[in-house]
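Below are some comments for a colleague reading this model. Please go through them with the structure open.

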Amino acid sequence: MASHWFCMEDRKSMTISSICEAEEALLGQWPNKEAAAYRNACRLIAEAKDGSCSPAVAFAAFKAVAIDQRLLQPAKTESGARHVGQVP
């Protein structure tokens, strides 16, 4: 699972590279926690934790809602360079 730099609504930032980290991020401040995509990501993350959903599917839902709500930032490499193709 790739790492993604995630900037919360309250401007806290964190790197998300696991289902548990995605779950923690979903508990933070989001622009719209009532959005269907947000609720779907929460459900899929919970299902991935209990083994009834693929972690890749759950992480994709998390990433999609983070992009939709403009919270996903470009990941940086160890050298500080940004990965190409990641959402600004």
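Which residues of α2 are buried?

1. In this predicted model, Tyr38, Ala41, Leu44, Ile45 and Ala48 are the buried residues of α2. Viewed along the helix axis, they lie within an arc of 130°, so they line one face of α2. An α-helix has 3.6 residues a turn, so residues three or four places apart point the same way.

2. The cover over the buried residues of α2 includes α1 (19-26) and α3 (55-68). On the face turned away from the buried side, α2 carries the exposed residues Ala36 and Asp50.

3. The length of α2 (residues 36-50) agrees with expectation, because 15 residues at 1.5 Å a residue should span 21 Å and the end C-alpha atoms are 21 Å apart. Just after the helix, Gly51 has a positive phi of about 90°.

4. The largest nonpolar core has 22 residues, of which Ile16, Leu26, Trp30, Ile45, Ala58 and Phe62 touch the most other members. At least two residues of this core come from each of β2 (13-16), α1, α2 and α3. The most are given by α3, with six residues.

5. Leaving aside residues up to four places away in sequence, Leu26 touches Lys33, Tyr38, Ala41, Cys42, Ile45 and Phe62.

6. On confidence, the protein chain has an average pLDDT of 81, and 69% of the residues score at least 70. Among its elements, α2 has the highest mean pLDDT (98) and strand β1 (residues 4-7) the lowest (60). Over residues 79-88 pLDDT stays under 50, and the model has 19 contacts beyond four places in sequence for them.

Technical notes:
Residues numbered from 1 in each chain as written. Predicted model: local features only at pLDDT ≥ 70, side-chain atom pairs only at ≥ 80, totals over all residues. Heavy atoms only, no water. Helix = DSSP H or I, 4+ residues; strand = E, 2+ residues; numbered from the N terminus. Expected span 1.5 Å × (residues − 1). Buried < 20%, exposed > 50% of the residue type's maximum accessible area, 1.4 Å probe, protein only. Arc of directions from axis to C-beta. Contact = heavy atoms within 4.5 Å. pLDDT = per-residue confidence, 0-100. Core = buried A, V, L, I, M, F, W, Y, C linked by side-chain atoms within 4.5 Å.
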